[in-house]
Amino acid sequence: MLTNQKILHKSVLAISSLTFIFIGLYKLQYFGLEYDETLFINGALGDIDGETFISFKIKNLVIFCYPYIGAIKSWIYMPIFKAFGVSIISVRLPMLLLGSVNLWLSYRVAEKYFNKKIALATLLILSVDLTFLSLQRFDKGPSCIELFFKLLILTWAVKPQKHWLRHGLTILILMLLGTYNKFNFIWFTNAMFGVYALQQPPRITPILLKFDFKKLVQTTFFRYCLGYLLFAFLFLSVLKGLIIDGQASTLTLPFLEERFIFCLKETKYLLLQNSIFKVFGWSIAGVPSSTIMNIAILGVIMINFYLYIKGCIRFNSSHTKGLLLLLLIFIQYVVTPAATHVWHSFMMYPMVIIIIISSFYQIGQYLGTYIPLITITAIMLGWNIYTTILFNNNINNKECVSEIFIPEINQVFDYVAKDSNRLVISTDWGAHPQLLVLDNNRNKFSEPYRLLMFPTELEKWWTKYELFFYTNKPVVIVQPISTDIAKRTRFGYNSTMEEKKTEDFLHYLEQKGVKVWTTKLIKNSCGDRLFQIYEARVPKEL
């Protein structure tokens with residue numbers, strides 16, 4: 001019987017992993033590389049142009065790709081790009097494979113802290129969870145390596161009976177790596193230490209009441225406090241030395257109320273998979289599904305409240321620790337005004353899924369049945385399968401992608417790839433990094449529209465690139481057009497100002513004697529203008 005259970009568990013693990021990879025591979029190249037996906041590539045290639053996504057480097061080694069995002073991913077991809085070059089496959093496939101590792105680690109975390117039944121339910125649900133898949137396959141956020149470090153810490157973070165120093169140093173190193181990879185990883189480290197500290201009063205209070213400081217210094221809690229203070233000091237020291245754009249806000253009651261409602265809504269959409277649909281400009285959560293999710297979230301809260309009142313769940317149980325971890329991450333999510341995207345709410349994965357499953361398991365244990373566990377697993381699994389099918393149907397039907405990951409950018413890649421040794425100019429946000437990194441050093445790229453407000457710098461740019469306008473090969477100018485979509489989807493978007501960037505730059509070129517002509521207008525199936533391609537050259541008679 002025991003052997004049969006092991007075979008069943010291994011079979012479910014294998015089938016779930018293969019399902020995850022199969023869904024991830026489906027139409028992997030359909031969507032064009034997105035702006036954030038290219039964040040690490042220039043660093044991995046040794047900094048092609050000296051400016052794109054390079055915040056800090058020492059000699060030729062990139063240290064920060066962005067003020068709050070380290071270069072770990074760039075370092076990982078250096079040998080990959082050296083062996084296979086840069087392509088959509090070489091960018092996305094490693095993240096998909098790491099995502100499958102994260103799926104297995106999620107199973108291990110649930111098994112380690114809860115039990116195999118909860119672990120198997122978690123595995124099944126996450127294997128077809130569109131958010132879990134998409135944010136790793138496309139590494140939006142970026143999220144994949146961040147989740148890997150988080151799961152490693154959860155896997156390692158057990159109560160050490162001995163070797164506390166080795167254990168503590170390993171956790172400290174993983175925390176430092178995770179935070180260096182992306183600064184808002186600090187939410188997770190704060191939450192982890194918070195859960196640990198909240199579990200300590202029964203052990204520490206008697207020592208404090210006796211004023212036995214010698215014994216206090218000998219406790220693991222004291223040592224870990226010192227370790228976390230060291231970690232916090234290192235983090236704040238780095239933070240102080242960097243200039244980071246962000247939003248600050250006082251913690252007023254109206255602010256907290258607004259943020260709490262927003263974050264609760266985003267958590268609901270996260271579980272409904274609507275947040276990931278929104279990334280592509282689509283929607284799935286209507287009134288019925290949204291209402292049902294409201295009831296489900298309220299149900300989970302009521303189940304936990306009832307079980308704690310009845311004394312069915314102990315304060316030092318894994319369920320309580322997981323619940324506290326989730327709550328502490330959510331609190332930091334609420335008080336961070338700049339946290340407005342799906343990859344911010346994704347910080348609660350996979351614990352949010354595990355706690356929902358565990359809550360129904362616990363009520364089932366109280367009632368003496370597995371029906372609640374089976375029911376919630378079936379509902380979540382069914383919904384995830386439905387949303388995954390719907391998402392892929394949108395791809396097959398070529399539904400318009402109206403936000404990011406626009407498939408039509410591949411047509412721009414093809415246009416630029418027709419020739420080499422040309423200057424390719426981008427006149428607005430959203431195309432330059434992708435074109436730069438996929439070109440494999442065949443052309444020269446620039447985005448001088450950023451210099452329009454600085455005439456002296458713009459003249460320096462012209463001096464540097466002037467000769468390209470006198471060659472037999474015309475300069476290619478790519479205008480990413482967001483206005484048609486933005487007018488429809490973004491409230492208060494100043495489309496006139498956005499179009500004016502290109503107009504002003506083309507006028508500047510005309511003043512220099514450059515003739516500019518249109519060559520191709522790229523639209524989506526909805527008729528939205530996405531990219532206008534021009535060519536430009538100084539006429540030979542001039």
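**Close-up views of a predicted model**

**View 1. Helices α18 and α19 pack against each other.** Helix α18 spans residues 351-367 and helix α19 spans residues 371-396; they pack at an angle of about 150°, with their axes 7 Å apart. Helices here are DSSP runs (H or I, at least four residues), numbered from the N terminus. Axes are lines fitted to C-alpha atoms over the stretch in contact, and angles run from 0 to 180 degrees between N-to-C directions. The two helices are therefore roughly antiparallel, a term for angles over 145 degrees. From α18, the contact (heavy atoms within 4.5 Å) uses I353, I356, I357, F360, Y361, I363 and G364. From α19 come P372, L373, I376 and M380. Of these residues, 10 are nonpolar, one is polar and none is charged. Nonpolar covers Ala, Val, Leu, Ile, Met, Phe, Trp, Tyr, Cys and Pro; charged covers Asp, Glu, Lys and Arg; the others, Gly among them, are polar.

This is a predicted model: local features need pLDDT of at least 70, side-chain atom pairs count only at pLDDT 80 or more, and totals for chains, interfaces and linings use all residues. Residues are numbered from 1 along each chain as its sequence is written, and side-chain values use heavy atoms, with hydrogens and water left out.

**View 2. S90 sits in helix α4.** Helix α4 runs over residues 88-113. S90 is buried, with a relative accessible area of 7%; buried means under 20% and exposed over 50% (1.4 Å probe, protein chains only). The S90 side chain reaches the backbone oxygen of G85 at 2.9 Å. This side chain also reaches the backbone nitrogen of S87, at 2.8 Å. Leaving aside neighbours within four places in sequence, S90 is in contact with Y77, I80, F81, F84 and G85.

**View 3. R92 also lies in helix α4.** R92 is buried, at 0% relative accessible area. Its side chain makes a polar contact with the side chain of E37 at 2.8 Å. Such a contact is a pair of N or O atoms within 3.5 Å, one able to donate a hydrogen and the other to accept it; residues adjacent in sequence count only if both atoms are side-chain atoms. Beyond neighbours within four places in sequence, the contacts of R92 include L28, F31, R137, F138 and F405.

**View 4. Helix α22 has a buried side and an exposed face.** In α22 (residues 455-465), the buried residues are L458, W461, W462 and Y465. They cover an arc of only 100° around the axis, which puts them on the same side of α22. The arc is that of the directions from the helix axis to the C-beta atoms. The face turned away carries the exposed residues T456, K460, T463 and K464.

Technical notes. Parallel < 35°, antiparallel > 145°, perpendicular 65-115°, else oblique.
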